[in-house]
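I opened my notebook to look up how this fold is held together. Here is what I checked.

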Amino acid sequence: MLNSDLPNGLGFLAEAAPRGFGLAFGVGIVALFLAVGAIGFAYVGSNTQISSLQSQVSTLQSGQSTLAGLSSVNRPPIVLPVKIAWCLEQVVQDRFCPNIIVADQGDIVQLFFLSNDTAAHTFTMTGTYDFQVNDSGAGELDFLTNYSPISGACSNSGTYAQMSVVVSGVYCVSGTSLLDNATLTANNAYVFAEAQNPSPGLPFASTCVSGEPNGVCLTNPGPGPYYVDDQAHMLSLSISGVGVNATGVSETQGIGAFRATTPGVYIFFCRYHVSNGMFGYLVVLPNAYCNTNPAACGVTKN
Amino acid sequence: MVDPNVLGFMAESAPKGFGLALSVAVIAVFLAVGAIAFAYVGASTQVNSLSSQVSTLQTQIPGLIAKSGLASVNATPATMAFRVDWCNTDNTGQDRFCPPVLIVHQGDLVQILFETNDTDAHTFTLVAGGYNLQLNNTYGVPGSSGNFSTNENGMHNFLSNTYFQGSCVQASYSGASAGLSSSDCVSGSSLLAPGGTYKIPINPNPASSPLPPATPEQVSVDNQFHFIRENGTYNAVWSIASFRASIAGIFEFYCYYHVSNGMFGYLIVLPNTYCNTHATACTSTSNSS
């Protein structure tokens, strides 16, 4: 910088310090510029970063609020007893009653399927859930073959290893979703969760039929345990009272269990009567508990 | 501090005013250093604080997702077939839907086959929460006695205690989809175009075994009204239509004639995470899934 460039007010400096002054003055000016630049740079630079971070914080807080506001089922799995019956609706066609099952993810579903029809029926699921209860007793009619009698009942003689290979045309209860006895026992699910009246057509205690010679008395001992034994039980009218259903007609009761591991809506059907409308849906509600306790829900964590 | 040895030549050569200039320079240097330090420390504190908040929030998100976000249905939309019947098999003997509850995923293609074998006319009417659909099972014959047991008689109108003298109208899609109609057999703005195939093949004569040639039929979702043949006679009617369950929630459906008797039910559409990222698939107007 030349002395002549200095403002008039600083002229005395130039006069008083002709040598070295320029250098000191230059250093001062540069330092001042540096100071202003540093403040500006720090301000602008940090301000950009701060704005970015503040934006991230706002976005995350908004997302946090949204997530915290979501609600879902969140409870440990239970044992869910389900009793489904074959029925005829007013349209006189075969149906499941009820035809909707709703479970929470992780629940063990005990499926008790009973039918007192002259025709055979199944409760069948394939796909995500692979499970079948086949209420086919000997002498029951096969709707698919023009009501020809089924020559042999479904088999209760299979082992779990045999029955759990896949849904079977042989075994009364089958499928890869079928739970084994050890799992049922470990989860207190081997006994159907509702005690069963062995003879729904009879009141509890003794009922004696009057007018009969020597008297005939039927005894209903009252509700008792019913086991998830992966079998179909063919009940018939019995003098002891056991095995008499509400209408006094023999019936078939098949039972098995599976775990509702995967949320969603899944069809179940009767393989004989699906074309008549005998189908329904299993609804498995998502359960937040299963996210943090996958083992308890039978869920394989990825 | 200024080293006198280094700046000595200055002192010697500029005895007057130099100290002032040097002082200004030194102060300016201190100011610069201080400004930088102040700006750095101040901004750094704020940046650190915000960074800490971001980290904390990011840490909390997986926990929140585990609590709620992942606990949802995440299913590709599918075709869900329902067969909804009129029934009065409750002990009350009053008109009902069987089943009265339909549950689907958001985005599913819902096919409704509504079947009645009553002497009264019935509808399946859904006009809640953005859904607009009606299946109207009404058959009428001019001068009929109303004893509907075959297609020769007209159905009873429960609301007016009269008999229908005309059947519902098999309308074109453009007409039927304009909105809910009191005359069309199938109508409503939620109605999908005809042409899809009902997912469950149906036995054309439910009283008989579905043996060849009467094996279960692939039925077209034709948005029309039909008769069911029972051993050669017509004693039931059905209509069929489809819509997309694009909106999650619980929605009432009812029979226009018998809702006051209790003939109503609910469509439950489960929220589907899949639809958050595949909105098009979940709102598609295609008649196949």
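I began with contacts in chain B, counting pairs with a separation of 6 or more. Of these, 62% join residues 24 or more positions apart. I kept in mind that the model is predicted.

Next I looked up the elements of chain B. I found five helices and 15 strands. Then I checked burial. Chain B has 289 residues, and 40% of them are buried.

B:Ile240 sits in strand S13 of chain B, which covers residues 233-244. Is B:Ile240 buried or exposed? I noted 26 C-beta neighbours inside 10 Å, so B:Ile240 counts as buried. The cut-off for buried is 20 or more.

Which residues does B:Ile240 touch, leaving out those up to four places away in sequence? I listed B:Ile112, B:Leu113, B:Tyr198, B:Val219, B:Val221, B:Asp222 and B:Gln224. I also checked B:Gly154. B:Gly154 is 86 residues from B:Ile240 in sequence, and their C-alpha atoms are 20 Å apart in space.

Then I turned to the nonpolar cores. In soluble globular proteins, nonpolar side chains tend to be buried together. The largest core here has 107 residues. Those with the most contacts inside it are A:Val109, A:Leu111, A:Ala257, B:Ile112 and B:Ala241. Another core lies apart from it and has five residues, including A:Ala24, B:Leu22, B:Ala25 and B:Ala28.

Last, I looked up A:Leu111. Beyond residues up to four places away in sequence, A:Leu111 touches A:Val82, A:Ile84, A:Phe123, A:Val133, A:Ile255, A:Gly256 and A:Ala257.

Key: Residues are numbered from 1 along each chain as its sequence is written. Chains are lettered from A and ligands numbered from 1 in the order in which they are written. This is a predicted model: local features need pLDDT of at least 70, side-chain atom pairs count only at pLDDT 80 or more; totals for chains, interfaces and linings use all residues. Helices (H or I, at least four residues) and strands (E, at least two) are DSSP runs, numbered from the N terminus. A residue is buried if 20 or more other C-beta atoms lie within 10 Å of its own, exposed if 12 or fewer, and partly exposed in between; C-beta atoms are placed from the backbone. Two residues are in contact if their C-beta atoms, placed from the backbone, lie within 7 Å. A nonpolar core is a set of buried Ala, Val, Leu, Ile, Met, Phe, Trp, Tyr and Cys residues joined through C-beta atoms within 7 Å.
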